[in-house]
Amino acid sequence: MMDRPLLKRRLYSCLVFVLVPALLLTYVPALAPSLKWITPPFVLALGLMFAFFVGTPCAAFNAKASKKLLQWSVVGLGFGMNLQESLASGASGMGFTIVSVFGTLILSMWIGVRLMGVDRKTAYLIGSGTAICGGSAIAAVGPTIKADERAMSLALGTVFVLNAVGLFVFPIIGHWLEMGQHAFGTWAAIAIHDTSSVVGAAAVYGEDALHTATLIKLTRALWIIPVALVSSFIFKSKGSKINIPWFILFFILAMIVRTYVLVDYPQIGDFISGLARKGMVLTMFFIGASLSREALRSMGIKPFLLGIALWIIISLTSLAVVMQLSPIL
């Protein structure tokens, strides 16, 4: 009789081997209408349900696959974007980024440490993930402040849960408020943590929203480097290694190639960008399949409440600013 861990791994493998061909078959015109159900929210929900009811039999693979596939998918999206147009559409969100990054970090330390009694490093990591780009920022900043495994896990788990919620909720709120494409893309890039969830939510909302959100979020992610440097001084950590997000630089290079090399062959860039979107959808499954019941239980209530408080404040504040400026976005 097959043991349970092996059965779980095989069931997991079956789901992946069904999703990959199904995503590729959407290129077939005759089959595309019947495969419209393969959307980022659905695939994320599928991963979440698998993790909740079955478990995480391939946790290490999930973590590695979601990280690598996300990075390469983001680079692929760059081949579908014109550099000059992207800079013009993303410039309006730059001011929000500068203010919100530093404001969120300060707010996280004040609410988390002063009011809620959360560990200093855990509060700082949650603030970093909320301010910049979720798990990537936490992974980069953590070593510079010498955060232990528990602090990293608490911060990652908190941000991860809120990412999943944001992917579902933000498009609904955007449609309810009748937000424009650029306005929603700007808001999603500022208020949702991870790049994957930003791209997923924006892709559901529309093409222009995806364009704006991707550029602003990746520009925002560049703040990992100065924040990590500043963090090492704040926490008096010497000789720590900073993880530079190289995939962001490759994303910029991809946009340059699309703008100046593939100018007469846009169909090539569009094809690569289309494959990247498929990869982004598959990333949603890997992310969802990582969040087991054990991971939820290990988070602790105070860090999670801190994450929720920060998220609500940033979401409402940025929404108010975006709606105020919506005529020019």
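Which element gives the largest share of the lining of the second largest pocket? That is α14, with five residues. Helices here are DSSP runs of H or I with at least four residues, strands are E runs of at least two, and both are numbered from the N terminus.

Before going on, the ground rules. This is a predicted model, in which local features need pLDDT of at least 70 and side-chain atom pairs count only at pLDDT 80 or more, while totals for chains, interfaces and linings use all residues. Residues are numbered from 1 along each chain as its sequence is written, and side-chain values use heavy atoms, with hydrogens and water left out.

Back to the pocket. A pocket is found on a 1 Å grid over the protein atoms alone: it is an open set of points where a 1.4 Å probe fits, with protein on both sides within 12 Å along at least five of seven lines, and lining residues have an atom within 4 Å of a point. The second largest pocket holds about 370 Å³ of space, the volume being what is filled by probe spheres set on the points, which are joined across faces, edges and corners. Its lining has 19 residues, and those nearest the centre are Thr-26, Ile-38, Arg-277, Lys-278 and Val-281. Two or more lining residues come from each of α10 (195–205) and α14 (266–288). By type, the lining has 12 nonpolar, four polar and three charged residues. Nonpolar covers Ala, Val, Leu, Ile, Met, Phe, Trp, Tyr, Cys and Pro; charged covers Asp, Glu, Lys and Arg; the others, Gly among them, are polar.

Next, α10 itself. Nine of its 11 residues are buried, where buried means under 20% relative accessible area, exposed over 50%, and partly exposed in between, with a 1.4 Å probe and protein chains only. Among the buried residues are Thr-195, Gly-200 and Tyr-205. Just after α10 comes Gly-206, with a positive phi of about 160 degrees.

How many salt bridges are there? The count is one, taking a salt bridge as a side-chain nitrogen of Lys or Arg within 4 Å of a carboxyl oxygen of Asp or Glu. The partners are Asp-270 and Arg-258, with their closest N and O atoms 2.9 Å apart. Asp-270 sits in α14 and Arg-258 in α13 (residues 246–261), 12 residues apart. Asp-270 is partly exposed at 42% relative accessible area, whereas Arg-258 is buried at 15%.

Helix α13 also holds Ile-256, which is partly exposed at 33%. Ile-256 belongs to a nonpolar surface patch of about 770 Å², together with Leu-222, Trp-246, Leu-249, Phe-250, Leu-253, Tyr-260 and Val-261. Patches take residues with over 30% relative accessible area and no salt bridge, joining like charges within 9 Å and nonpolar side chains (Val, Leu, Ile, Met, Phe, Trp, Tyr) within 5 Å. Accessible areas come from the Shrake-Rupley method with a 1.4 Å probe, and for residues only the protein chains shown count as cover.

Gly-76, in α3 (residues 59–78), is buried at 6%. Its C-alpha lies 7.5 Å from that of Leu-275, 199 residues away along the chain. Gly-103, in α5 (residues 94–115), is partly exposed at 34%.

Last item: a backbone angle. Most residues other than glycine have a negative phi. Glu-178 has a positive phi, near 55 degrees. Glu-178 lies in the loop between α8 (149–176) and α9 (181–191), and is exposed at 71%.
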